Amino acid sequence: MRKSQSTDFALLRRVLATAYPFRNEFITSIVLAVLVTPFSVAQPFLIQKMVDDHISAGNREGILQLAWVFVVVLIVSVVLKYWFLVSTARLGQSVIQDMRNKVYRHITNLRLRYFDQTPVGISTTRTINDVEAINNVFAQGVITIVADFLTLGAVVAMMIYTSWRLTLIVCITMPFMVLATYIFKEKVKVSYQKVRTQIASMNAFLQERISGMKTVQILHAEEKEAAVFRRINRDYTSANLDSVFYYAVFFPVVELVSAVSLALMIWLGARGYLEDKVTFGSLVAFPLYLNLMFRPIRFMADKFNTLQMGLVAAERVFKVLDHKETIPDKGMLSPSKLEGKVTFEHVTFSYDGEQTVLHDISFTILPGQTCAIVGRTGSGKSTIIQLLSRLYDLQQGNILIDHAEIQKYKLKELRKRMAIVLQDVFLFQGSVLDNITLRDPSVSREQVIRSAKAIGADDFIEKLPGKYDFILNERGQNLSVGQRQLISFVRALVTDPDILILDEATASIDTESERIIQHAIEKLIERRTSIIIAHRLSTIRHADNVLVLQQGNIVEQGHPSDLLADENGFYRKLYDMQFAENMQTN
Ligand code: ATP
Ligand code: MG
């Protein structure tokens, strides 16, 4: 599908607008492009003058003088060119550095729904590769193309001024040149797009398989996956070879055309000279002009492609930046402490707008109380806490903390006063300490150790090589699941939150570890409002209130002992089931 020229222009305008903060560099680059032009064109002109005015006249003085001028022109043009290259490169790099920060910040503020729908690979490609390609718009694109056109115009003007006859001869080959350039540009564009698509699919494949290597090996899928990879790799190679092919054809063709121009020029020019229509100096200067003329033409097609690719990338990046689905943060409340009353009023919610996950949920947790949520897998337990922490915004009903709706709190302050231990604990590459403090300088090492002792995580951390400075691998893979969970508990306790939310992992653990975790949870919920999603009912013995959830509805709520007393109740059924399981396993 071809886009119209006008959208391309609008896009180009928008890309150029991103350079606004760096307008000084931009202007410097343009000015340098203009300045460089006469200096590059001056050299053949000086040679022609030298031949016509001084060499044929045998004027030594004049020759020497012009030689000096020539040297000065040469030095100035070299310096200007250096400056031009540095300044366009700096411009491009400044723009994309800025852009990368913008994209990253924007992505981190997007609603979780965006991440539900966008593969990880896409977001990283946007922040790294695509932004990199935008650099080309500045470093190799717009300004250099302007510079090339200026040079081209100046060269042609000088050629006409020097000898219109010779210029005419040279121009005979121009239509071939234009045609060849056009064909090349179109062909390379297509093959470039192919190459980029293939890179993207190779990246996506590798990223997924490497993070899922355990599964690949467990399922003995190495061979099959290798075959898929071979196919992707083959397509990538052939896309690359295609583009190389066009280059291999185009550059010799340009050489050929310029050689033909040169031959024609010398042949017809020599006759002109003999007939006294062309000066000898022009005959010497023309091959130099020709060279100056063909050089930009040779690279221009390529530069247009790079520009085009930069624009394609820019379009993708802008699409991310235009993604307005950020979490609205208009609340003004920022209390230094919450009482800890939580109220859900008729909350109904759906992730995708089609399937309702929570139906008319209402409950109240009084300050300092512990509320447990139980229910089958997929019943909506985690969804309730995601709404409370505003990872998703609700569609109907109200959620209040103390006496205000959660939207009225400043998001950052709200989350600061709440600690959430998610079901799938995520640890980052870095030390145990950094993972607990998340590099918050206001949390001291002593605080961390105190919390770890309170939780009962201190025992195992002390046994790690390096203790609190032990370096965790990506996602904390070098710890056991239970250990990771304990660290996430310390992380929650260390901030001394007013509301604690705990989504218990389903991982089954041995009795000893269960005892440690049990103790840890009791520590966590002490003296604060807590919500615990529990899979092991033993965890919630001390709860003040239990909500039993089924398919997004609260089907029972009350004190655990009261619920247990009801022989036909859901809670009782769950309890009996777990009890029977435990009997079997023990
Ligand atoms: P478990 O005990 O397995 O953790 P849960 O009670 O926590 O289950 P939820 O995670 O709240 O269950 O999920 C409730 C429903 O919402 C499920 O049917 C699930 O398919 C759906 N769901 C959960 N997360 C998303 C999401 N990000 N996008 C779309 N649907 C989702
Ligand atoms: Mg869950």
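Four residues of domain 1 are in contact with five residues of domain 2, contact being defined as heavy atoms within 4.5 Å. In this predicted model, local features need pLDDT of at least 70 and side-chain atom pairs count only at pLDDT 80 or more, whereas totals for chains, interfaces and linings use all residues. Residues are numbered from 1 along each chain as its sequence is written, chains are lettered from A and ligands numbered from 1 in the order in which they are written, and side-chain values use heavy atoms, with hydrogens and water left out.

Domain 1 comprises 2–95 + 106–321 and domain 2 comprises 342–585, with bounds taken from an automatic or database domain assignment. Their C-alpha centres lie 57 Å apart. Between them the two domains bury about 400 Å², 45% of it on carbon and sulfur atoms, where buried area is the accessible area (1.4 Å probe) that two parts lose on being put together, summed over both.

The count of salt bridges between domain 1 and domain 2 is zero, a salt bridge being a side-chain nitrogen of Lys or Arg within 4 Å of a carboxyl oxygen of Asp or Glu, although a search of the whole structure finds 19. One salt bridge joins Asp130 to Arg316, with the closest N and O atoms 3.6 Å apart. Asp130 lies in helix α5 and Arg316 in helix α10 (residues 280–322), so the pair ties together parts that are 186 residues apart in sequence; helices are DSSP runs (H or I, at least four residues), numbered from the N terminus.

Note on methods:
Helix = DSSP H or I, 4+ residues; strand = E, 2+ residues; numbered from the N terminus.
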